[in-house]
Amino acid sequence: MAERAPRNLLSHFWTPLTAVGSHGPAGPNAQICVSVFGASIVPERPRLLVNLSKTNYTTQLVQASGTLAVTLLSEQQVDLLAPLGLRSGRDGQKLDGLEVALTAAGDPWFPEGVGLIDCRVIEQYDLGDAVAFLCAVREQQPSGIPGVEALTWAHARAVVGEEFLSQWAAKSEREQHAASTAMRWTP
Ligand SMILES: Cc1cc2nc3c(=O)[nH]c(=O)nc-3n(C[C@H](O)[C@H](O)[C@H](O)COP(=O)(O)O)c2cc1C
């Protein structure tokens with residue numbers, strides 16, 4: 001029988017890939033996020049919990065504006081991972097050249113996805129290294145594209161290519177170092 005590689009159980013708790021967008025005086029910005037969770041059992045009061053690292057420019061924008069847009073990305077949008085997930089809006093306009101739309105609040109979203117979830121922040125929680133935003137869902141807009149599939153990391157990892165993976169590994173190492181010194185933790 002073929003041996004299966006040991007799996008990290010916690011990888012089951014990464015959500016499908018999303019782009020989380022917000023805006024500020026310098027314009028809109030967005031980042032990739034795999035930490036967006038349903039947080040309501042009341043259908044007429046839908047909420048999401050969105051966890052964003054403090055090192056990200058998008059986090060600052062969400063804190064200042066109180067709004068964010070979640071695009072549930074599709075398998076057709078794998079090319080957004082490098083511009084949105086490897087670069088920071090602090091270093092320049094990273095939405096230039098991308099197909100992007102804006103919500104009424106001015107938050108960017110990406111139309112070829114599974115859909116848009118437009119959110120307002122209710123409150124935020126300091127995790128040390130990150131901020132958890134409890135959000136009220138103001139609007140859900142499925143793209144309606146026939147046969148569209150949500151993009152998982154398992155799928156993305158298989159198609160992004162070696163250059164992306166090595167840049168992501170180097171960035172992750174830096175982020176993990178910063179997080180380990182700032183995060184709330186108990187031994
Ligand atoms: C596959 C992937 C998953 C990611 N998941 C998260 C996440 O769950 N939370 C987070 O804060 N950053 C996550 N990131 C990192 C941000 O997208 C990245 O740091 C981005 O460059 C931040 O951009 P900004 O500074 O313009 O906000 C992820 C990146 C990738 C490529």
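## A residue in a loop

Ser 143 is partly exposed, with a relative accessible area of 27%, where partly exposed covers the range between buried, under 20% relative accessible area, and exposed, over 50%, as found with a 1.4 Å probe and the protein chains only. Ser 143 belongs to the loop between β9 (130-142) and α3 (153-159), and its C-alpha is 6.9 Å from that of Pro 111, although the two are 32 residues apart in sequence. Helices (H or I, at least four residues) and strands (E, at least two) are DSSP runs, numbered from the N terminus.

This is a predicted model, in which local features need pLDDT of at least 70 and side-chain atom pairs count only at pLDDT 80 or more, while totals for chains, interfaces and linings use all residues. Residues are numbered from 1 along each chain as its sequence is written, and side-chain values use heavy atoms, with hydrogens and water left out.

## The ligand and its shell

The ligand is surrounded by 24 residues, each with a heavy atom within 4 Å of the ligand, and the closest are Thr 58, Arg 87, Ser 88, Gly 89 and Lys 94. The shell residues divide into 11 nonpolar, 10 polar and three charged; here Ala, Val, Leu, Ile, Met, Phe, Trp, Tyr, Cys and Pro count as nonpolar, Asp, Glu, Lys and Arg as charged, and the others, Gly among them, as polar.

Polar contacts are pairs of N or O atoms within 3.5 Å. A ligand nitrogen atom is 3.1 Å from an N or O atom in the side chain of Gln 31, whereas ligand oxygen atoms are 2.8 Å from a polar backbone atom of Ser 53 and 2.7 Å from a polar backbone atom of Gly 89. Taken alone the ligand exposes 650 Å², and the protein buries 93% of that, with areas from the Shrake-Rupley method and a 1.4 Å probe.

Two or more residues of the shell come from each of β2 (27-33), β4 (47-53), α1 (57-65), α2 (81-85) and α4 (162-182), and β2 gives the most, with four residues.

## Two buried residues

Asn 56 lies in the loop between β4 and α1 and is buried, with a relative accessible area of 18%. Asn 56 and Ser 88 are 32 residues apart in sequence, yet their C-alpha atoms are 7.0 Å apart in space.

Leu 61, in helix α1, is likewise buried, with a relative accessible area of 6%. The C-alpha atoms of Leu 61 and Asp 129 are separated by 16 Å, the two residues being 68 apart along the chain.

Note on methods. Polar contact = N/O pair within 3.5 Å; in protein donor to acceptor, adjacent residues only side chain to side chain.
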